Amino acid sequence: MRFGVVRFPGSCDEVDALLACRRFADAELLWHGDRSLGGVDAVVIPGGFSYGDYLRVGAIARFSPIMAAVAAFARDGGPVLGICNGFQVLCEADLLPGALLPNTGLRFLCRQVDLTVDHADSPFTRALAPGDILSLPVKHGAGRFYAPDDDLRGLEENNQVALRYALGENPNGSLNDIAGVTNAAGNVLGLMPHPEHAAHPLSGSTDGGRLLQSAAHACASNARAVA
Amino acid sequence: MTGVRVLIRPKAGILDPQGQAVERALPALGFEGVSDVRVGRMVELEASDPTRIAELCERLLANPLIEDYEVVVTDDSAR
């Protein structure tokens with residue numbers, strides 16, 4: 001099973017994501033200017049400041065040549081994980097619902113937070129159980145999840161809220177304490193906290209690795225099912 | 001070429017912490033009685049085909065989920 005981690009100009013977490021993925025499967029970097037995903041089994045859109053985040057966070061990266069391939073891969077049910085800026089890019093690309101607004105406190109935040117798993121249906125959460133607590137770092141200036149009232153209700157009803165900040169931990173003013181959401185089909189997950197920075201024992205928590213390991217297992221069992 | 005000014009603002013009802021921060025700073029400077037401060041963005045551009053400005057706004061300049069935009073033609077003299 002092979003992960004592909006997309007590198008945009010301005011990405012800064014792609015190497016951590018690559019190394020975190022390699023703890024559980026093969027992984028390679030994909031260049032934003034490419035038009036093909038090179039046959040990878042899962043895609044990670046990493047954190048950073050793609051294209052300087054000019055105009056709005058994630059707004060310009062969505063027009064990268066590789067994003068058409070990512071959109072097609074997602075439409076076909078391929079697992080896609082957007083982390084932080086990657087989450088923002090996937091929202092701008094309409095592959096995930098909602099938008100990420102500047103933190104209510106207007107400050108760039110960098111701290112460890114506790115999350116609870118709300119719904120565990122995506123390939124990245126399948127190995128987890130609702131109610132599990134994960135400790136992951138956040139580091140962002142625009143992580144306030146927003147969706148209009150009707151959309152928000154729809155997300156809750158369709159069980160698309162994968163992760164919430166634990167009680168009292170919401171760092172950025174996200175509606176309904178939402179830290180991570182999936183698309184309607186459940187194969188695309190975006191989250192503001194950084195699983196790739198919490199995959200090695202040296203980083204204090206290895207909870208982030210569980211998301212990547214879950215996807216690696218999901219892809220491997222799919223492959224067995226097809227064979 | 002047509003000169004165009006696009007005004008982009010946070011949608012009504014969306015918390016605008018930047019506007020709030022500006023509003024809170026005003027009394028310290030002696031500006032009383034200022035409320036409902038909202039901070040947006042302005043983009044100026046020149047377009048050879050102004051009929052596509054709305055599409056350009058919808059797809060890139062504004063995110064219609066969180067922002068309203070207004071297009072103002074500033075100069076449509078032929079050059």
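**Note on a predicted two-chain model**

1. Start where the chains meet. Nine residues of chain B contact 11 residues of chain A. This is a predicted model. On the chain B side, helix H1 (residues 17–25) of chain B gives the largest share, three residues. By class, the side of chain B that touches chain A has seven nonpolar residues and two polar ones. No charged residue is found on that side of chain B.

2. Next, the sheet. In chain A, nine strands make an open sheet with mixed pairing. Follow the order across it: S2-S1-S3-S4-S11-S10-S9-S6-S7. Strand S2 (26–31) and strand S7 (133–140) of chain A are the edge strands, and each pairs on one side only. From one strand to the next, the twist averages 25°.

3. Now look at one pair of strands. Strand S10 (residues 178–182) and strand S11 (residues 188–191) of chain A run antiparallel, joined by three bridges. Here A:Thr182 stands opposite A:Leu189 in S11(A).

4. Helix H5 (residues 207–226) of chain A touches strand S3 (42–45), strand S4 (80–83) and S7 of chain A. The direction of H5 makes about 105° with that of S7(A).

5. Finally, the core. Nonpolar side chains tend to be buried together in soluble globular proteins. The largest nonpolar core here has 71 residues. Those with the most contacts inside this core are A:Cys21, A:Val43, A:Val44, A:Phe87, A:Leu90 and A:Ala215. Which residues does A:Val44 touch, leaving out those up to four places away in sequence? A:Val44 touches A:Phe3, A:Val5, A:Ala17, A:Cys21, A:Leu81 and A:Ile83.

Notes. Residues are numbered from 1 along each chain as its sequence is written. Chains are lettered from A and ligands numbered from 1 in the order in which they are written. This is a predicted model: local features need pLDDT of at least 70, side-chain atom pairs count only at pLDDT 80 or more; totals for chains, interfaces and linings use all residues. Two residues are in contact if their C-beta atoms, placed from the backbone, lie within 7 Å. Helices (H or I, at least four residues) and strands (E, at least two) are DSSP runs, numbered from the N terminus. Ala, Val, Leu, Ile, Met, Phe, Trp, Tyr, Cys and Pro count as nonpolar, Asp, Glu, Lys and Arg as charged, and the others, Gly among them, as polar. Two strands pair if DSSP finds at least two bridges between them. Axes are lines fitted to C-alpha atoms, for helices over the stretch in contact, and angles run from 0 to 180 degrees between N-to-C directions. A nonpolar core is a set of buried Ala, Val, Leu, Ile, Met, Phe, Trp, Tyr and Cys residues joined through C-beta atoms within 7 Å. A residue is buried if 20 or more other C-beta atoms lie within 10 Å of its own, exposed if 12 or fewer, and partly exposed in between; C-beta atoms are placed from the backbone.
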